[in-house]
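Dear colleague,

I am passing on the structure we spoke about, and you will find it just below. My notes on it follow, so please read them with the coordinates open beside you.

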Amino acid sequence: MIQKGSRRITRRTVLAGAVLSIATRNLAGSGLDPVRLKIGGGEIDVQFGAGAFDVGRDGITNWISDAAKAVTTYYGHFPVPQAVVEVAPLANKSGVFGGVTYNSLPARTNIEVGERTSETALKDDWTMTHEMVHLGFPNMPRRHHWIEEGIATYVEPIGRAQAGTLRVEKVWADMFHDMPKGEPGPGSRGLDQTHNWATTYWGGALFCLFADVQFRERTGNRRGLQDALRGILDEGGNINADWPIERAFQAGDKAAGAPVLTELYAKAKDTPFSIDLPTLWRRLGISASGGSVSLSPDAELATIRAAITAKPI
Ligand SMILES: [Zn+2]
């Protein structure tokens, strides 16, 4: 889980010396050289803190490499030319314990990983991909944190499915289970005004799902949110750019061919905007089936559902 808000270093407060001292400390602590991955046109330097993983450094770099391939598949290339991933080993622990991504130059992700973490646990983990999705959208003022987290939450499983590292049924089962958390609660005052966890992550993700379906319905399923997000990135809107939200949404709408993001934002920013999820799931052909979901090939929007997770051509 990322906690960018208060811990995030903005471009205005980052000092080159501070970044350098962090890097030096960690390298001095581990005595290890960084590993450089070249994926999707980007260079990712992986730095290890002192410690030893059961899966070895190769197991960790494979996990980071899979995440980089997932975002590369989704965006068409790695979102930034250079990034740093700093892996902090946690002794006697298993699992991935939160990541945080900073918009320093180059962008940096700090992630804590238990030394006892298994290869299977890493394959099932979403955190690294989530953090790398953050690289592909401009830095936003605090009140728009929901769109940064919403995109990361929504795109992460789709990117992994498109790259072939997550089953499509699992993507929809998790969304079916978790998206209701993003519906406005009793005290909700709109996405820009409500700063709790559920609204920030799942309210933002619900905005993305609804926008994706809207784009596809309005363009005859030729374009979706993926085209919008690629368009924003193509105009330079990565984590190292400070943009107003309106600029990002205008660039996205232009790339995807319909003013979906701009219109949806106007409705949802200052007032609770609820989505009829049961109807949306029915139209997409997604229904509960035991602990998972079944996907109907005959539903009204089944082709849109399939296009969302299809590997881009
Ligand atoms: Zn995040």
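The protein chain falls into two domains, with domain 1 covering 8-136 and domain 2 covering 144-309. Please keep in mind throughout that this is a predicted model. The C-alpha centres of domain 1 and domain 2 are 26 Å apart.

**Where the domains meet**

On the domain 1 side 28 residues are in contact with domain 2, which for its part contributes 25 residues. Together domain 1 and domain 2 bury about 2,300 Å², and 56% of that area is on carbon and sulfur atoms.

On the side of domain 1 that touches domain 2, the elements giving two or more residues are α3 (56-75), β4 (96-102), α4 (119-124) and α5 (127-133). Of these, α3 gives the most, with five residues. By residue class, the side of domain 1 that touches domain 2 consists of 11 nonpolar, 10 polar and seven charged residues.

**The zinc site**

Which residues are the protein donors of the zinc ion? They are H130 through NE2, H134 through NE2 and E149 through OE, lying 2.0 Å from the zinc ion. Along the chain, the donors of the zinc ion follow the spacing H-x3-H-x14-E. Within this site, H130 in helix α5 and E149 in helix α6 (residues 145-162) form a pair that links distant parts of the chain, the two being 19 residues apart.

**Two backbone details**

Two places in the loops deserve a look when you go through the backbone. The peptide bond joining L105 and P106 is cis, with an omega of about -5°, and P106 is placed in the loop between β4 and β5 (107-114).

With best regards

Key: Residues are numbered from 1 along each chain as its sequence is written. This is a predicted model: local features need pLDDT of at least 70, side-chain atom pairs count only at pLDDT 80 or more; totals for chains, interfaces and linings use all residues. Side-chain values use heavy atoms; hydrogens and water are left out. Domain bounds come from an automatic or database domain assignment. Contact means heavy atoms within 4.5 Å. Buried area is the accessible area (1.4 Å probe) that two parts lose on being put together, summed over both. Helices (H or I, at least four residues) and strands (E, at least two) are DSSP runs, numbered from the N terminus. Ala, Val, Leu, Ile, Met, Phe, Trp, Tyr, Cys and Pro count as nonpolar, Asp, Glu, Lys and Arg as charged, and the others, Gly among them, as polar. Donors are N, O and S atoms within 2.8 Å of the metal (3.2 Å for Na, K and Ca); water is not among the atoms, so sites may look incomplete.
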